[in-house]
Amino acid sequence: MKKIIKKSLENSYTYNEFKMLVGNLLAENKATGHTQSEALTNYSLLNDRRMKRLDKTIQINATTIAEIKKINEPQTWLVLTEGWCGDAAQNLPVIHKIAAANKQINLQLVLRDDHEDLMNLFLTNGNQAIPKLILLDKQNNVLQTWGPRPSTATKMVADYIAKHGALDPEFKKDLQIWYNKNKGQNVQEDFVELIKNLEKKDA
């Protein structure tokens, strides 16, 4: 596992490098990933706009900042993602701002399709679901994972599948409405809980 993680980190992007990559591909009417289609390019274009808006509007609350500042040793937050992924577009700007609150945190992104060996180590219910964050210590040991959605959205998805058998366009629209109303608060709650759990392990 450590060899795969090391190789992935060597081919990773900063948050701004990832956004630049997506923008450069969109200029060629392309999306990230090994599969190309008009639909994926359109999703990427929508997500690019969404991320730019969220970068300007997302606010990290004092509780989150206080908890994140307790991290006193280097960590790497390695995220598997793609430019066409709607959940990634909603969550990455929040994660980026949380990570920026502490210089000990190094946020790095990799493309799922280019790192299938890494993705397959961190499946969600057997699926290559993204975004998937892998929290690493300074020796690249895995401390915790998060994703592909905030806890409330995860429950919404599970409840809908239990009732209807699968997700449909109507649910996906409702999920986007939830994201817009929540404004990244649930992601922050999840990360506060994640850091507190790490503190308990260290105690």
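Predicted model: local features only at pLDDT ≥ 70, side-chain atom pairs only at ≥ 80, totals over all residues.

What share of the chain's accessible surface belongs to carbon and sulfur atoms? I get 51%, out of about 10,900 Å².

Next, overall dimensions. The C-alpha atoms fill a box of roughly 50 × 35 × 35 Å along the principal axes. I checked the radius of gyration too: it is 17 Å, which agrees with the value near 17 Å for a compact globule of 203 residues. Buried residues come to 46% of the 203.

Then the fold. I count nine helices and four strands, in the order α-α-α-α-β-α-β-α-β-β-α-α-α. I also looked at contacts between residues at least 6 apart in sequence, and 75% of them join residues at least 24 apart.

Charges: there are 28 positive and 24 negative ones, and their mean positions sit 4 Å apart.

Last, the aromatics. I find four aromatic pairs. One of them is Trp146 with Phe191, tilted, at 5.5 Å centre to centre and 45° between the planes. Trp146 is in strand β4 and Phe191 in helix α9, so this pair ties together parts 45 residues apart in sequence. Trp146 counts as buried at 6% relative accessibility, and Phe191 counts as buried at 0%.

I also noted Tyr160 and Phe171, whose ring centres are 4.7 Å apart with planes at 40°, so that pair is tilted. Tyr160 belongs to helix α7 and Phe171 to helix α8, so the pair ties together parts 11 residues apart. Both Tyr160 and Phe171 are buried.

How values were computed. Residues numbered from 1 in each chain as written. Heavy atoms only, no water. Helix = DSSP H or I, 4+ residues; strand = E, 2+ residues; numbered from the N terminus. Rg over C-alpha atoms; globule rule 2.2 N^0.38 Å. Buried < 20%, exposed > 50% of the residue type's maximum accessible area, 1.4 Å probe, protein only. Contact = heavy atoms within 4.5 Å. Areas by Shrake-Rupley, 256 points an atom, 1.4 Å probe, with all protein chains shown as cover. Lys, Arg positive; Asp, Glu negative; His and termini not counted. Charge placed at Lys NZ, Arg CZ, Asp CG, Glu CD. Phe/Tyr/Trp six-rings, centres within 6.5 Å; stacked < 30°, edge-to-face > 60°.
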